[in-house]
Amino acid sequence: MARAGQKGRWPVPLQNRVDPFGEIHATPERGLFTGNRGVIHSPTSKTLLKRRWTTKAWIICSLQHPRGLLREPMGRNGKNSRAGWTELFFLDEITALAAGHRPCFYCRRDDAIAFACAFSSEFDEVATAPQMDAMLHRQRMIPEAAHLKLDATSIAALPDGAMICADGQPYALRSGRALPWSFSGYGAPVALPETASLITPIATIGALCSGYLPRWIA
């Protein structure tokens, strides 16, 4: 998962780790899930292109391929030695959901169906993948500065697995406490802040409120 560095030095991490805001970084820490947004890398240099997605289907995948296939991160995994999709990595599902991704129907079908069933009360039937992708994409495009501002009461009403940002620090909410997020994991729980901005898309908050249980790293 790293490019070769200069002789005698540690390999350089690939830029493929996603933070709760959806930004992609180069850092050595790993996580529980992979996923993708289409082809956004050069397999020759193993670096990202300028674009950060080529599809509205931002998905969260299992690290183990259902057929046991192995992929070379940011390599030539597509047909005819083409790039294939760009492997991104997340600390856990809470992080991936905050970044605007959803479970994959191919490698995580049971979770994907559970998420779709819980996704939104706006649909008369179970939301389809394109419906979820379209709604999430609109919400992902909201600038960070325009994210919903929350007071203490609103923060306390959020479901477990929601992510907020206070004073530049992202937090995951669990059991009435706020867990400081980092690429290496969560810090010790602290009291909920008095004010914060919401990171997790509103539609995903709805799925969490309706019973979807994402996987935590700890």
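Mentor: Two strands are said to pair if DSSP finds at least two bridges between them, and strands themselves are DSSP runs (E, at least two residues), numbered from the N terminus. This is a predicted model, in which local features need pLDDT of at least 70, side-chain atom pairs count only at pLDDT 80 or more, and totals for chains, interfaces and linings use all residues. Residues are numbered from 1 along each chain as its sequence is written, and side-chain values use heavy atoms, with hydrogens and water left out.

Trainee: What makes β12 and β13 a pair?

Mentor: Four bridges join β12 to β13 (residues 169-174), and the two run antiparallel; because at least two bridges are required, they pair. Ile 164 stands opposite Tyr 171 in β13, and the two strands form a hairpin with two residues between them.

Trainee: Why are β11 and β15 called edge strands?

Mentor: In the open sheet of six strands the order is β11-β16-β12-β13-β14-β15, and β11 (149-151) and β15 (185-186) each pair on one side only.
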